[in-house]
Amino acid sequence: MEYSFKEIEKKWQSHWSKNQTFRAEENADKPKYYVLDMFPYPSGAGLHVGHPLGYIASDIVSRFKRHKGYSVLHPMGYDSFGLPAEQYAIQTGQHPAVTTKENIARYREQLDKIGFSFDWSREVRTSDPEFYKWTQWIFLQLFDSWYNTETQKAESISSLVEHFETKGTEALCAHVEEQKDFSAADWSSMSEAQKEAILQDYRLAFRSESTVNWCPELGTVLANDEVKDGMSERGGYPVVQKKMMQWSMRITAYSQRLLDGLEQIDWTDSLKESQKHWIGRSEGAYVNFKVKGSGQNIKVFTTRPDTIFGVSFMVLAPENPMVEELTADIYRSSIKKYQEVAARKSERDRMADVKTVSGQFTGAYAIHPFSGKEIPIWIGDYVLASYGTGAVMSVPAHDARDYAFAKQFELDIPQVVEGGDITKEAFEAKEGKIINSDFLNGLPVQEAIKKAIEKIEELGIGQHKVNFRLRDAIFGRQRYWGEPIPIYYENGIAKPVRLEHLPIELPKVDAYLPTKDGQPPLARSTNWNYDPAKGVVPNGEGFPLELTTMPGWAGSSWYDLRYMDSTNKERIVGKDSEQYWQNVDLYIGGSEHATGHLLYTRFWHKFLFDIGYITSEEPFKKLINQGMILGYSAIAHREDGTNTYWSKNLAKGKKTTPIHVDVNMVNASDELDLDAFKTWRDDLKDAEFKLEEGKFKVSREVEKMSKRWYNVVNPDDIVEQYGADTLRMYEMFLGPLEQSKPWNTAGITGVHNFLKKFWRLYTANENGISEEPATEKELKILHTLIKKVNSDIENYSFNTSVSAFMICINELSALNCNKREVLEPLVVLLSPFAPHIAEELWYALGKTEGISLELFPECNEAFLVENSFEYPVAFNGKMRFKESLPLSMTKNDVEEHIMKQEKTIEYLGGKSPKKVIILPGKIINIVV
């Protein structure tokens with residue numbers, strides 16, 4: 001019987017869908033296991049073979065856990081808000097929902113063909129109003145909360161108002177940028193607008209003037225991780241720093257808890273280090289420097305107050321609001337020009353660029369708080385407005401960037417830590433003795449830090465402080481295709497829409513661009529006002545609604561919770577469902593989300609835990625970052641200045657330009673289909689081709705799989721030619737899950753041949769499946785595999801399992817094994833990897849229930865114990881033949897047996913041995 005993979009896979013995919021085989025159940029009698037993939041953005045390009053890598057791995061684990069008796073939740077959905085669909089809408093006028101729906105249909109078709117065991121009944125889409133109703137609900141909870149630093153949790157804003165009404169700010173423990181000071185009487189005398197302005201400084205979702213990455217071409221604010229080298233990651237458009245009123249999330253309130261939580265989860269060290277660095281905890285002090293001739297102070301944060309006597313100048317961020325007031329008229333023009341240049345760089349670029357040294361003197365001076373010396377005040381783009389106070393006290397002798405700045409502008413470099421040669425470079429040691437520092441002289445660094453802080457607090461010029469690099473997360477986007485922010489403005493005061501009016505759905509607009517006066521696209525709607533009694537009403541009634549939308553990370557910050565209870569209309573997730581599934585046991589996705597999605601999700605979960613809606617602070621117990629499948633690019637060589645192409649080996653020594661070729665026009669022998677190539681582009685019609693042995697060969701190069709390099713391989717083509725089971729096993733066979741590895745379609749035939757050989761093991765024997773007991777050798781082969789596969793899946797070493805399967809099938813085929821005792825557990829072992837062929841053979845074995853819930857085989861170590869040994873038999877130390885004997889035989893029995901063998905008699909040649917040396921389980925040596 002032939003292995004007809006197309007029919008088999010179509011048959012079982014239909015069966016699984018019709019019977020909802022993989023529907024998750026909250027079964028109290030079973031342990032739970034929740035496996036999640038970072039859900040995809042459905043682009044128009046569809047999937048290439050690199051995309052399913054993580055999905056295949058998670059599917060193997062999901063199927064394995066079902067076999068182990070777990071109730072498994074393995075859902076899938078779509079991160080369907082975002083820029084690509086909107087950009088397409090701007091170009092074509094087509095509503096983003098239309099293209100998104102089409103793209104999702106394409107993705108679903110491709111995913112179904114690969115045979116994933118997703119519970120599609122729980123599918124979510126972030127752009128579905130029934131989903132983003134709850135994203136808006138979470139936003140309103142954040143808006144209605146503040147962070148109590150005494151209880152270390154979020155609390156209702158009403159409790160803060162009550163505190164203000166009875167005590168003002170007295171004894172208030174709250175996370176706030178600048179501590180307030182007012183009485184209960186002061187509070188009661190304030191207007192509604194004044195009160196709300198103060199509350200905005202405490203709310204966890206708040207509106208304030210922020211410096212943002214503004215992309216004029218895209219018409220929106222971008223997150224730091226969406227900007228590269230001063231350009232937008234999507235589209236490559238210029239990005240500038242701009243101040244604007246913007247919605248933000250006060251993630252900084254959770255900085256320490258986000259750090260502490262990393263110790264409770266099983267993530268890679270590199271991923272944890274990324275988050276630790278991004279959060280950036282540092283301990284030090286705030287210090288105030290008076291500005292000469294002014295009543296103002298420049299407040300700085302320093303982790304090294306021990307070096308305060310080494311301060312020789314100060315540097316402010318170009319966008320620091322104090323710059324305008326401090327700048328002397330003579331320098332105003334130069335300052336403005338410098339600010340304009342700095343505004344074209346992202347914060348990330350400014351932090352990364354350590355080679356370029358630039359700055360501008362303001363003409364102002366600060367007074368050193370201890371020495372009383374005048375210190376020049378500069379601006380420089382290596383100082384960021386969003387970190388610390390947007391100002392630094394520069395200690396050039398002991399900080400590399402300050403040192404470079406001082407050298408560039410010929411500023412003093414006083415040494416205050418003993419050691420190093422500051423004529424050559426900064427001495428950045430964190431140990432040593434303090435010098436040239438008055439009351440700190442002679443103290444080691446750590447003692448000096450402590451004493452400096454004590455003195456700073458004693459003189460009232462500063463205070464001890466734990467600081468974090470983490471900044472509050474910009475939340476608003478000046479775009480259309482995103483969740484509307486459920487806020488309206490009554491007399492300019494931001495107010496939450498009523499919960500019963502959620503979701504606030506996206507309105508119709510006549511175009512998806514910002515308005516002529518720069519307002520976001522939602523300003524184009526004629527039906528975008530709000531009446532607290534009626535909900536959304538036409539413009540002219542009620543009050544204006546917020547015009548910005550939420551960023552892409554909003555929906556993805558809680559989608560794991562919605563999968564637990566995706567149709568609940570009363571809560572984001574029902575209590576019973578959340579308590580059963582609790583959190584994700586295994587999360588698989590890309591490492592590029594370390595400081596974006598993964599950090600925001602942890603923040604939102606901690607908040608929802610605080611307000612009692614979920615029972616677990618951390619969303620993901622274990623996280624694996626899968627590597628990339630790289631493209632195996634094909635490159636033709638065009639001679640410079642001509643339209644002549646030279647075959648790979650003929651191009652050597654010639655001046656040529658590499659031209660990427662569509663890999664689908666190249667065969668396994670690297671030969672280019674010239675007829676297809678000539679019709680690929682107009683400029684190739686008249687090209688001349690220099691062949692070697694009648695063939696045109698291309699060079700190969702491993703690169704990121706991308707349409708740009710024409711090296712994308714469509715999984716549909718692989719499934720059509722070899723089948724989904726082959727694709728699944730080949731992707732696992734390529735190498736360890738976490739590593740990147742190149743795709744080479746030529747290598748897939750080996751895996752396909754393995755599956756055909758596996759099929760023949762069950763179908764080729766004319767006597768069918770034997771009910772005879774398996775031999776010891778057959779059982780040893782089987783249980784060796786059982787032990788290996790169980791261990792490999794538990795350790796996510798899927799590539800070595802595929803190799804083990806191949807070895808096992810070769811050994812069983814050599815024995816012509818057709819025993820049910822071996823073949824039944826064998827097909828269950830293969831099921832997580834190649835589910836279609838496994839399901840087909842399971843029914844062929846006479847089973848009437850699906851294979852997915854069959855218990856996974858357990859290894860019986862007794863079958864792995866060695867009962868015999870193949871002795872090397874040597875004559876005078878030279879091995880002549882081998883003989884397999886039971887390990888239970890005594891030395892005398894071994895000697896008696898071996899002396900009777902024909903080969904022994906032959907090698908003795910009639911002579912009597914002087915000695916027979918027998919080392920049990922090792923060697924037999926006959927001395928002649």
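**Entry 1: a sheet**

I started with the open sheet, where 4 strands line up in the order S32-S31-S34-S33. I noted the pairing as mixed. The model I am working from is a predicted one. I then looked for the edges of this sheet and found strand S32 (878-886) and strand S33 (915-919), each of which pairs on one side only. From one strand to the next, I have the twist down as 20° on average.

Next I turned to strand S31 (residues 868-875) and strand S34 (residues 923-927). How many bridges join S31 to S34? I found 3, and the two strands run parallel. For one residue I looked up the partner by name: Ala 874 is bridged to Asn 925 in S34. A reminder to myself: strands of a sheet pair through backbone hydrogen bonds, either parallel or antiparallel.

**Entry 2: two helices crossing**

I moved on to helix H1 (residues 5-19) and helix H21 (residues 715-722). Their axes come within 8 Å, and I wrote the crossing angle down as roughly 120°. Those are the quantities I wanted, because two packed helices are described by the angle between their axes and the distance between the axes.

Which residues make the contact? From H1 I listed Phe 5, Lys 6 and Glu 9, and from H21 Val 719, Glu 720, Gln 721 and Tyr 722. Sorted by class, the residues of this H1 and H21 contact come to 3 nonpolar, 1 polar and 3 charged.

**Entry 3: Gln 478**

Gln 478 sits in the loop between strand S17 (473-474) and strand S18 (487-490). Is Gln 478 buried or exposed? I have it as buried, because its relative accessible area is 5%, under the 20% cut-off.

I also looked up what surrounds Gln 478, leaving aside neighbours within four places in sequence. Its contacts are Trp 214, Gly 219, Thr 220, Val 221, Met 244, Gln 246, Pro 520, Pro 521 and Thr 548.

**Entry 4: a cavity**

What lines the largest cavity? I wrote down Leu 53, Glu 731, Met 732, Gly 735, Pro 736, Leu 737, Lys 741, Phe 798 and Asn 799. Helix H22 (724-733) and helix H25 (798-814) are the elements that give two or more residues to this lining. By class, I have the lining as 5 nonpolar, 2 polar and 2 charged residues.

Technical notes
Residues numbered from 1 in each chain as written. Predicted model: local features only at pLDDT ≥ 70, side-chain atom pairs only at ≥ 80, totals over all residues. Heavy atoms only, no water. 1 Å grid on protein atoms, 1.4 Å probe; cavity = no way out; pocket = protein on both sides within 12 Å on 5 of 7 lines; lining within 4 Å. Nonpolar A, V, L, I, M, F, W, Y, C, P; charged D, E, K, R; others polar. Axes fitted to C-alpha atoms, helices over the stretch in contact; angles between N-to-C directions. Contact = heavy atoms within 4.5 Å. Pairing = 2+ DSSP bridges. Buried < 20%, exposed > 50% of the residue type's maximum accessible area, 1.4 Å probe, protein only.
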